[in-house]
Amino acid sequence: MSSDAMPDRSAMAAELALGLLEGAERAEALRLMLADPAFAAEVEAWRARLAPLYDGFAEVAAPAGLMDRIDSLIDAEQAAERPASVVAALPAKTGGNGWKIATFAASAVAAVLALALVLPGPAIKQTPPANPDMAVAQLTGPIEGLLLTARYDSRTSEMLVRVEGMPVTDTEPELWIVPKDGQPRRLGRLMRGGVTRIEIPEGHRKFIDPLSNLILTMEPKVLPDPDKPSAPTVAQGRLQRI
């Protein structure tokens, strides 16, 4: 998202479900989830719709002590931001992994953290309507732990790409789109972690369709030929309209 062209709430919900928001934008979206049940329902509906992208990936158990660490963060937020009289009146947790009732009255940061990392979402049956303006892809390959999630919005002509598990190398990650003609077109260089925002060149926008693949190659810092990859594909995924 940008201050010049703020996407609508549906786009924000989709970006949150895909994990493409960071920093203040993610905090804003999570605060909206707490304040607006309709928005929270839409996020959960997007998560349900996008779930097939993650089929085949084994679930990973939460780290030991996660609940205690989150509890400690909540205590620290309450102590730092609430008046002493209010803190003293907060009920203590009941033991085990139970949450304080006061968690929901804590600061926005603490409440958002609890909701995002621990609390399960409500069962949502609604499914957001297909949006012809948006397409997503998940890229995987032989490098263990490497995962890319991409979202394209035709209204802004921007693609957001989240990179996780990128190994340290002397080469640089380059993203390409391969339409049905099989000829790769360069989209841009990615950061090694976090979210990269790419403005798709006008001539490449017509290739954003379900017949196209996104591929990742690891290229020299100076591309030998900007019109084609010089290295093998290390991750790929098919674009899907959502």
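**Figure 1. R151 stands opposite L160 in β3.** This close-up comes from a predicted model, in which local features need pLDDT of at least 70, side-chain atom pairs count only at pLDDT 80 or more, and totals for chains, interfaces and linings use all residues. Residues are numbered from 1 along each chain as its sequence is written, and side-chain values use heavy atoms, with hydrogens and water left out. Strands β2 and β3 run antiparallel and are joined by seven bridges. Both belong to an open sheet of five strands with antiparallel pairing, in the order β6-β3-β2-β1-β9. At its edges are β6 (194-199) and β9 (240-241), each pairing on one side only. Helices (H or I, at least four residues) and strands (E, at least two) are DSSP runs, numbered from the N terminus; two strands pair if DSSP finds at least two bridges between them.

**Figure 2. Four strands make up an open antiparallel sheet.** Here the order to follow is β5-β4-β7-β8. Strands β5 (185-189) and β8 (233-238) stand at the edges with a single partner strand each, so one side of each has no neighbour in the sheet. On average, neighbouring strands of this sheet are turned by 25 degrees against each other, direction ignored. Looking in at one pair, β4 (residues 172-178) and β5 are antiparallel over four bridges, and L175 stands opposite G188 in β5.

**Figure 3. Helix α1 (residues 9-18) is largely enclosed by the rest of the structure, because nine of its ten residues are buried.** Buried means under 20% relative accessible area, exposed over 50%, and partly exposed in between (1.4 Å probe, protein chains only). The buried residues are S10, A11, M12, A13, A14, E15, L16, A17 and L18. Their cover includes α2 (23-35), α3, β1 (134-139), β2 (147-153) and β3 (158-164), judged by contact, which means heavy atoms within 4.5 Å.

**Figure 4. Where does A45 sit?** A45 lies in helix α3 (residues 37-50). With 1% relative accessibility, A45 counts as buried.

**Figure 5. Helices α2 and α3 meet in a left-handed crossing.** Their axes come within 5 Å and cross at roughly 115 degrees; axes are lines fitted to C-alpha atoms, for helices over the stretch in contact, and angles run from 0 to 180 degrees between N-to-C directions. A crossing is left-handed if the near helix is turned anticlockwise from the far one by less than a right angle. From α2, A29, L32, M33 and A35 meet P37, F39, A40, V43, E44 and R47 of α3. By class, this contact has eight nonpolar, no polar and two charged residues. Ala, Val, Leu, Ile, Met, Phe, Trp, Tyr, Cys and Pro count as nonpolar, Asp, Glu, Lys and Arg as charged, and the others, Gly among them, as polar.

**Figure 6. Mean pLDDT is lowest in helix α5 (residues 84-89), at 42, and highest in β4, at 96, among the elements of the chain.** pLDDT is the predictor's confidence in each residue, from 0 to 100. For the chain, the mean is 74, and 63% of residues reach 70 or more. Over residues 1-6 the pLDDT is below 50, and this stretch has ten contacts beyond near neighbours in sequence in the model. Residues 84-125 also have pLDDT below 50, with 62 such contacts. Where pLDDT is low, the predicted coordinates should not be read in detail.
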